[in-house]
Amino acid sequence: MTVHFEDRPDVGGKLFRLDWLLPVLIGVLGLIGVLAILSATNGIWERGAIQHAVRFGAAFIGMIIVAMIDIRFWYAVAYPAFLAALVLLLGVEFFGINVNGSVRWLDLGFMRVQPSELIKPAVVLALARYYHDLPSWRVSDPFGLIGAMLIIGIPMALVLRQPDLGTSLLIGATGIALIFLAGVSWRIITLGSILALVSLPFIWQFGLRDYQRSRVLTFLDPARDPAGASYHITQSKIALGSGGLSGKGYLQGTQRQGGYVPENRTDFISTVIGEEFGFIGSIGLLAVYIAVIAACLRLSLQCKAVFSRMLILGLSITFTLYIFINLGMVMGLLPVVGVPLPLVSYGGTVVLVVMGSFGLMLSAHLHTSSLLPRSD
């Protein structure tokens, strides 16, 4: 199948037509992240805030560059990108390095790459192209379902082996949501839900490791191990509750200063915001996230091609699940599974991948008049 790139306007014209509301909101989140990391590291810029600012700035430029590239290019490379991410994920099995007991990274010499982060947008790209190419009458037949389940299931299994339960579940949830949005019949969705419930005992016994089972039990009974598995959640709740309505003030968090909440510049960064800016600050952060998600959904509604619409919806779902899972585990509403708060938590690969995903969404909207081939 040949994809032609014709009638491309210049970069200046594209920059003028770009929907700038989304980049502005993303910039606000990046600024919040820098300030929160600076507070989490006791006001010392060199302990992560500068690195986050530099990475965010570079990723922001990269996002705009990705947005400028015609959506027909991303359609053409959807499957190769998925296969490349899958190869990197397989590479972790043989060449991965151990960090804090988990083997999730590849050391490229000049930087470490976490392929489990790269596979998230790659799965969405592949599924978006798959359902764009699949005739609508085949969406609910066995052939159509098997192809989609392979795109979702193979990465899930590889990520679960690292072990990374949170990312594996996030990939699965995003994939299932896209299958639903593609128009699969309710009978198949109901049957799949029943099979998933029936398989839970087997997943518990053979699919989870001891510490993962311990996290789930701790979630169900937070008082079972206050000095061990429950420690994160207990301290997180204390930090959030101590912030009250308006917080203790920027750089004034006593729980943060005492180092009571582990990982407070990464997965538990929202405890710093909750303690220092209180309920009002936490609601303000949530409002910015909701505005970003709403802006993404607005872009999807304006797209004509199935590929573009599915791409934006899939990446929006991934972003939403990031927020839902992170805030849920920080508040003790979900088990601790190690999912960062996007664009606010400290982390290199996550920032690059999330910003690249926004670039793809902007490209899909900017080039909505580009024609993509379809079989029906």
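Here is a conversation about how labels are given to parts of this predicted model.

Trainee: Let's begin with Ser363. Why is Ser363 called buried?

Mentor: Good place to start! Buried means under 20% relative accessible area. Ser363 has a value of 0%, so Ser363 is buried. You will find Ser363 in helix 15, residues 348-366.

Trainee: Which residues does Ser363 touch, leaving out those up to four places away in sequence?

Mentor: Ser363 touches Val66, Ala67, Ile69, Asp70, Ile71 and Trp74. Contact here means heavy atoms within 4.5 Å.

Trainee: And what makes Phe279 exposed?

Mentor: The label exposed needs a value over 50%. Phe279 has 51%, so Phe279 counts as exposed. Phe279 sits in helix 13, residues 269-301.

Trainee: Which residues make up the nonpolar surface patch?

Mentor: The patch is made by Leu245, Phe279, Ile280, Ile283, Leu286 and Ile290, and covers about 590 Å². Members of a patch must have over 30% relative accessible area, and Phe279 has 51%.

Trainee: Now Arg138. Why is Arg138 called partly exposed?

Mentor: Partly exposed lies between the buried limit of 20% and the exposed limit of 50%. Arg138 has 25%, so Arg138 is partly exposed. Its place is the loop between helix 6 (115-133) and helix 7 (142-160).

Trainee: What does Arg138 contact, and how far is Arg138 from Ile37?

Mentor: Leaving aside neighbours within four places in sequence, Arg138 is in contact with Phe143 and Gly144. From Arg138 to Ile37 there are 101 residues in sequence and 48 Å in space, C-alpha to C-alpha.

Trainee: What is there to notice about the phi of Leu251 and of Leu343?

Mentor: Leu251 has a phi near 70°, a positive value in a residue other than glycine. Leu343 also has a positive phi, about 75°, and is not a glycine. Leu251 is in the loop between helix 11 (231-242) and helix 12 (254-257), while Leu343 is in the loop between helix 14 (306-330) and helix 15.

Trainee: Are they buried, partly exposed or exposed, and how do you know?

Mentor: Set each value against the cut-offs. Leu343 has 2%, so Leu343 is buried. Leu251 has 31%, so Leu251 is partly exposed.

Trainee: Let's turn to the strands. How do you know that strand 1 and strand 2 pair?

Mentor: Two strands pair if there are at least two bridges between them. Three bridges join strand 1 to strand 2, and these strands run antiparallel. Ile97, for example, stands opposite Trp105 in strand 2.

Trainee: And how many bridges are there between strand 2 and strand 3?

Mentor: Strand 2 (residues 102-107) and strand 3 pair over two bridges, again antiparallel, and at least two are needed. Leu106 has Val113 as bridge partner, and Asp107 has Arg112.

Trainee: What makes strand 1 and strand 3 edge strands?

Mentor: Each of them, strand 1 (97-99) and strand 3 (112-113), pairs on one side only. The sheet is open, with three strands in the order 1-2-3.

Trainee: What is found in the hairpin, and which helix lies across the strands?

Mentor: The hairpin of strand 2 and strand 3 has four residues between the strands, and Gly109 takes a positive phi near 95° there. Helix 5 (residues 78-95) lies across strand 1 and strand 2, at about 105° to strand 2.

Terms used:
Residues are numbered from 1 along each chain as its sequence is written. This is a predicted model: local features need pLDDT of at least 70, side-chain atom pairs count only at pLDDT 80 or more; totals for chains, interfaces and linings use all residues. Side-chain values use heavy atoms; hydrogens and water are left out. Axes are lines fitted to C-alpha atoms, for helices over the stretch in contact, and angles run from 0 to 180 degrees between N-to-C directions. Patches are made of residues with over 30% relative accessible area and no salt bridge: like charges are joined within 9 Å, nonpolar side chains (Val, Leu, Ile, Met, Phe, Trp, Tyr) within 5 Å. Accessible areas come from the Shrake-Rupley method with a 1.4 Å probe; for residues, only the protein chains shown count as cover. A salt bridge is a side-chain nitrogen of Lys or Arg within 4 Å of a carboxyl oxygen of Asp or Glu. Buried means under 20% relative accessible area, exposed over 50%, partly exposed in between (1.4 Å probe, protein chains only).
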